[in-house]
Amino acid sequence: MSAYYRGRRAQSYDQRWRNFTQLTLEETLAIIDIEAIGHHAMEHQRAPRLLDVACGTGVLLSLLHERIPTASLSGVDASRDMLMQARQRLPAISSLRLEHAIVGPGERAGLPFPPDSFDLITCTNVLHDLADPVNTIAGLRLLLVPEGRLVIEDYARRSPAVRLQHR
Ligand SMILES: C[S@@+](CC[C@H](N)C(=O)[O-])C[C@H]1O[C@@H](n2cnc3c(N)ncnc32)[C@H](O)[C@@H]1O
């Protein structure tokens, strides 16, 4: 995992990336059908279960908690320093589970949850950093209930940043 998410860099992450985080997570929330997730869980007479993969400092989990206060929330991240900030940000509710874990290819994306655990899995601003995103996504799929949703947001260059002209 990149040193970018450790120590002082992790501590100042929110400050340095505030605008970016706000913009990208607003986009993410806009495509999550909160009502459908709530309905589905209600049909099964339980609270909605949400997982944020590579949750960083917990901003998205906190926004999801505001929108679905009854949901049980899980977050995993490869950086203990980022997780420490997520712990400080999020309310001390019994339905919150934050774990140090490295997501990757393999069964259930290498994460410590049984199959069919979640109604919603989010994964923002990290896919570009993963060695094998296709197989990681396949593993995450197994953690979802059959009608579950996987919401992925990431960035990519549309075209080369610098155009070189050969003479
Ligand atoms: C750019 S931050 C994004 C944080 C958060 N998802 C957001 O959108 O604000 C990337 C995060 O991914 C985590 N990360 C990178 N590779 C990971 C991996 N293989 N497994 C779990 N977390 C990872 C980093 O520790 C960091 O917290």
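Predicted model: local features only at pLDDT ≥ 70, side-chain atom pairs only at ≥ 80, totals over all residues.
User: Fine. Where does Ala-78 sit relative to the ligand nitrogen?
Analyst: A backbone N or O atom of Ala-78 is 3.1 Å from a nitrogen atom of the ligand.
User: And what about Val-103?
Analyst: There, a backbone N or O atom lies 2.9 Å from a ligand nitrogen atom.
User: How far is Ala-54's polar backbone atom from a ligand nitrogen?
Analyst: That distance is 2.7 Å.
User: Switching to helices. At what angle do α3 and α5 pack?
Analyst: About 45°, with the axes 11 Å apart. Helix α3 covers residues 18–30, and helix α5 covers residues 59–67. That angle makes α3 oblique to α5.
User: Is the crossing left-handed or right-handed?
Analyst: The crossing of α3 and α5 is right-handed.
User: Which residues make the contact?
Analyst: From α3, Thr-21, Leu-25, Thr-28 and Leu-29. From α5, Val-59, Leu-60, Leu-63, Leu-64 and Arg-67.
User: How does that split by class?
Analyst: The α3 and α5 contact has 6 nonpolar, 2 polar and 1 charged residues.

Terms used:
Residues numbered from 1 in each chain as written. Heavy atoms only, no water. Axes fitted to C-alpha atoms, helices over the stretch in contact; angles between N-to-C directions. Helix = DSSP H or I, 4+ residues; strand = E, 2+ residues; numbered from the N terminus. Parallel < 35°, antiparallel > 145°, perpendicular 65-115°, else oblique. Left-handed = near helix turned anticlockwise from the far one by under 90°. Contact = heavy atoms within 4.5 Å. Nonpolar A, V, L, I, M, F, W, Y, C, P; charged D, E, K, R; others polar. Polar contact = N/O pair within 3.5 Å; in protein donor to acceptor, adjacent residues only side chain to side chain.
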